[in-house]
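Please walk me through this structure.

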Amino acid sequence: MLLGALSAPSPPHQRAILNFRPRRLVPAERARVSAVSPAAVAGRSAVDGREVVEYTPWLIVGLGNPGSKYHGTRHNVGFEMIDQISKKERIVLNTIQSKALIGIGSIGEVPILLAKPQAYMSCSGESVGPLAAYYGVPLRHILLVYDEMSLLNGVLRLQPKGGHGHHNGIKSVIGHLDNRREFPRLCIGIGNPPGTMDMKAFLLQKFSSTERKQIDAAVEQGAEAVRHLVLNGFNDQITRFNLGQKYKYHTV
């Protein structure tokens, strides 16, 4: 009963905010709007001789496990990235909907929904699917942020689509998006377990002091990359970002 109450749809005014009702732009604002990627714009029209712009919202979801005992663990870096974006963009996470802690705001003029699923990693799709459907977010604007063992600790990678890579959280999301995989993702490298260490134990372990510094830097870099993606889409700068991340720890 409690779970059902927590998952109840948000009030209509919040939905209106996320749908980002078109507003009239004064001439000085038009140049700024023209710099935004066409992919971020849902439509344009003229009212009283002034341009009205309607943007396509983004759903940005960090994957992790709820509860204080998982705070700061490798498997929860997705949550950390959402917290950083929340802080940087001043989007308060203060509502429970579809088994997720969410916050509604914007990056620039683009409406944003931040989410941290609260039903554990392997059930992440139970939040992502319903939120995307409720707010009308297209697949290309659902950005998942999660830990990736195939990348060195602190290395980031932004992709427009991909598979699940045996990540249970991604498997769940794909299953709740009609088995579609064509959604962007920001992977945060956490490295591989050392020696014969159990993978689950590794994922639920906290970072060493050196690793923590790398992750903290990566979270800041990732928040900047997300901002660029939302405003400009996947362009050459994202390609350069990925290349720089790939070789960030390489020495000549």
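Buried means under 20% relative accessible area, exposed means over 50%, and partly exposed lies in between, with a 1.4 Å probe and protein chains only.

A word on the model comes next. It is predicted, so local features need pLDDT of at least 70 and side-chain atom pairs count only at pLDDT 80 or more, while totals for chains, interfaces and linings use all residues. Residues are numbered from 1 along each chain as its sequence is written, and side-chain values use heavy atoms, with hydrogens and water left out.

Back to the tyrosine. The structure holds two aromatic pairs. Tyr120 and Tyr70 form an edge-to-face pair, at 6.3 Å centre to centre and with 80 degrees between the planes. The rule is this: rings of Phe, Tyr and Trp (its six-membered ring) pair if their centres lie within 6.5 Å, and planes under 30 degrees apart count as stacked, over 60 as edge-to-face and the rest as tilted. The partners come from distant parts of the chain, 50 residues apart. Tyr70 sits in the loop between strand E4 (58–62) and helix H4, and Tyr120 in the loop between E7 and helix H5 (125–135). These labels follow DSSP runs, numbered from the N terminus: helices are H or I with at least four residues, strands are E with at least two. Tyr70 is buried, because its relative accessible area is 15%.

The other pair joins Tyr134 and Tyr135. This pair is also edge-to-face, at 4.8 Å centre to centre and 85 degrees between the planes. Tyr135 is buried, because its relative accessible area is 3%.

Now turn to helix H4. H4 runs over residues 77–89 and has 13 residues. From first C-alpha to last it reaches 18 Å, close to the 18 Å expected at 1.5 Å a residue. That expected span is 1.5 Å times one less than the number of residues. Its buried residues include Val77, Phe79, Met81, Ile82 and Ile85. Glu80 and Glu89 are buried too. Just after H4, Arg90 takes a positive phi of about 55 degrees.

Side chains of opposite charge can pair when their charged atoms come close. Here a salt bridge is a side-chain nitrogen of Lys or Arg within 4 Å of a carboxyl oxygen of Asp or Glu. The count comes to eight salt bridges. In one of them, Lys116 meets Asp83 at 2.9 Å, N to O. This pair links distant parts of the chain: Lys116 lies in strand E7 (residues 110–117) and Asp83 in helix H4, 33 residues apart. Lys116 counts as buried because its relative accessibility is 11%. Asp83 counts as partly exposed because its value is 35%.

Lys88 meets Glu224 at 2.5 Å, N to O. Lys88 is in helix H4 and Glu224 in helix H8 (residues 209–232), 136 residues apart. Lys88 is partly exposed at 36% relative accessibility, and Glu224 is partly exposed at 42%.

Elsewhere, Glu182 and Arg180 meet at 2.8 Å, N to O. Glu182 is partly exposed at 38%, and Arg180 is partly exposed at 43%. Salt bridges that share partners also join Glu80, Arg212 and Asp216 into one network.

Next, the backbone. Most residues other than glycine have a negative phi. Ser98 has a positive phi of about 50 degrees. Ser98 lies in the loop between strand E5 (95–97) and strand E6 (100–107), and is buried at 11% relative accessible area. Asn179 has a positive phi near 65 degrees. Asn179 lies in the loop between H6 and strand E10 (185–189), and counts as exposed because its relative accessibility is 60%.

A pocket, on a 1 Å grid over the protein atoms alone, is an open set of points where a 1.4 Å probe fits, with protein on both sides within 12 Å along at least five of seven lines; lining residues have an atom within 4 Å of a point. The largest pocket holds about 440 Å³ of space. Its lining has 20 residues, and His75, Met121, Asn168, Met199 and Leu203 lie nearest its centre. Strand E8 (142–148), helix H6 (168–175) and helix H7 (199–203) each supply at least two lining residues.

Terms used: Points joined across faces, edges and corners; volume = space filled by probe spheres on them.
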